[in-house]
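Have a go at each one before reading its solution.

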Amino acid sequence: MPEIEKVVIVGLDSADPTLAFERWLDDLPTLRRLTQHGLWGRLESCIPPLTVPAWSCMASGKDPGELGVYAFRNRRDWSYENLAIATNIDIRQPRLWDHVGRAGHPSILLGVPQTFPIVRPPRGCQVTCFLTPGRNSPYTHPPELKDEIAESVGEYVFDVSDIRRDDRAGLLEDIRRMAAQRFALARHLLSKHPWTLLWMVEMGLDRLHHGFWHDMDPRHRRYTPGSPFEHAIRDYYRFLDGHLAQLLEALDLDRTAVWVVSDHGAQRMDGGFCLNDWLIREGLLTLKSPLSGVRRFELADVDWSRTTAWADGGYTGQVFLNCVGREPQGLVEPDDVDVVCAALRAKLQALHDPSGRPMTTRVFRPEDTYDELLGFPPDLIVHLDDLHWRCVGSVGHSDLFVYDDEAGPDDANHTQAGLYVLSHPSLTTGRHDATLYDVVPTTLKLLGLPRPPRLSGRSLVE
């Protein structure tokens, strides 16, 4: 049996195991063939299962606490003003390509989330991710790779704009065009540059799930039979499967192990729960001025002298206490933190949806969830009703439950499990569920490279 000399990781953000493995596998001949020649199954995500930090957890083998990145937006300090998007600057742990590079092997990185800005160039070449502001930013390593990209695939697209736009046919076409370009660039780069590891991530599935889920799901509150986009998501899975086939044709599969992975799955979203409005009603959050309509929640608007807790919204929620000795005007004494957190958790887990049905809400304490706590973690992480509801951060809503997020309609939320396939002729075959933390130790094992200390996952191969 030939030895594995190279590894390709194809990341499909939000690819869902229920859709890909249970509903549509017969429509996806490339993915089906990969499952027949290797391991496959659900890939448990991190908590919370968000694009940021999940891809960095997968790439580092470290959990959010060890990375100090807990959501898309994170606190920069314990003040009342520094809440910012987490970028590559925040990732200080080595990732897979760092380990590969230290062994003297080059990598090709294409669109892996949280790789902008480039602060530690990899051995090899790199194109940054959807967090890149635009083509005028330094988004490649080496810098001259920009010109090569323009010559090979034209103006590079990092992400589609405005998934909530009215022109849904145009949105669908933009998503397909972005994916086609990314796969074309991957084929170009692997043919022109030396590599041992190729890791690419395509964001289109995530955008499609958020924009088109209601068209296919009769359980979605906005479902209308006969939508012209009823099969848009299924057809896009087929579309990606075809591009995956073209990528595989460019590889020596006897000497190359192939991963297909996602950072989390997807499901219908029923609506949003206004977490800060709920804290206001509970007497735990006080604003400086009365509310007269919906507005963005701003930390500068909070009366900290009368506030116990506040929240940052998103597909999951982060709740922060206003602690004595930590925040500038803290109210919660250190000895009372456990009691306040327990009371908040109990109330959140007792919530009912608008129809009166008990919700299945999970509330996590970071110190009980992660191996280490770096940075500025929330005191609670909230998954509402198995993530069928998102947490809304804005304030001034007349009802606690709303059906459009702050930016407009959004069809889908995440699930805790993504998917993976690991294929090579030398591997045993069959279903074997795993976690995203297993990707790094498994890949290093495949390449015959040593396992660094304190990784969270385990190798799926002997």
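**Exercise 1.** Find which helices and strands each supply at least two residues of the lining of the largest pocket in this predicted model.

*Solution.* Start with the helices: α3 (51-60) and α8 (204-216) each give at least two lining residues. Now sort the lining by class: you get 20 nonpolar, 12 polar and 14 charged residues. As for volume, the largest pocket holds about 1300 Å³ of space. Its lining counts 46 residues, and F72, R73, G313, G314 and R390 sit closest to the centre.

**Exercise 2.** Work out which element gives the largest share of the lining of the second largest pocket.

*Solution.* This pocket has about 250 Å³ of space. Of its 18 lining residues, D16, T18, R219, A266 and Q267 are the closest to the centre. Next, pick out the elements that give two or more residues: α1 (17-23), α8 and β10 (265-268). The largest share comes from α1, with 4 residues. By class, the lining splits into 7 nonpolar, 5 polar and 6 charged.

**Exercise 3.** Decide whether L205 is buried or exposed.

*Solution.* First place the residue: L205 is part of helix α8. Its relative accessibility is 1%, and buried means under 20%, so L205 counts as buried. Now look at its contacts beyond four places in sequence: L12, D13, S14, A15, Y236, Y237 and L240.

Key. Residues are numbered from 1 along each chain as its sequence is written. This is a predicted model: local features need pLDDT of at least 70, side-chain atom pairs count only at pLDDT 80 or more; totals for chains, interfaces and linings use all residues. Side-chain values use heavy atoms; hydrogens and water are left out. On a 1 Å grid over the protein atoms alone, a cavity is a set of points where a 1.4 Å probe fits but cannot get out, and a pocket is an open set with protein on both sides within 12 Å along at least five of seven lines; lining residues have an atom within 4 Å of a point. Grid points are joined across faces, edges and corners, and a volume is the space filled by probe spheres set on the points. Ala, Val, Leu, Ile, Met, Phe, Trp, Tyr, Cys and Pro count as nonpolar, Asp, Glu, Lys and Arg as charged, and the others, Gly among them, as polar. Buried means under 20% relative accessible area, exposed over 50%, partly exposed in between (1.4 Å probe, protein chains only). Contact means heavy atoms within 4.5 Å.
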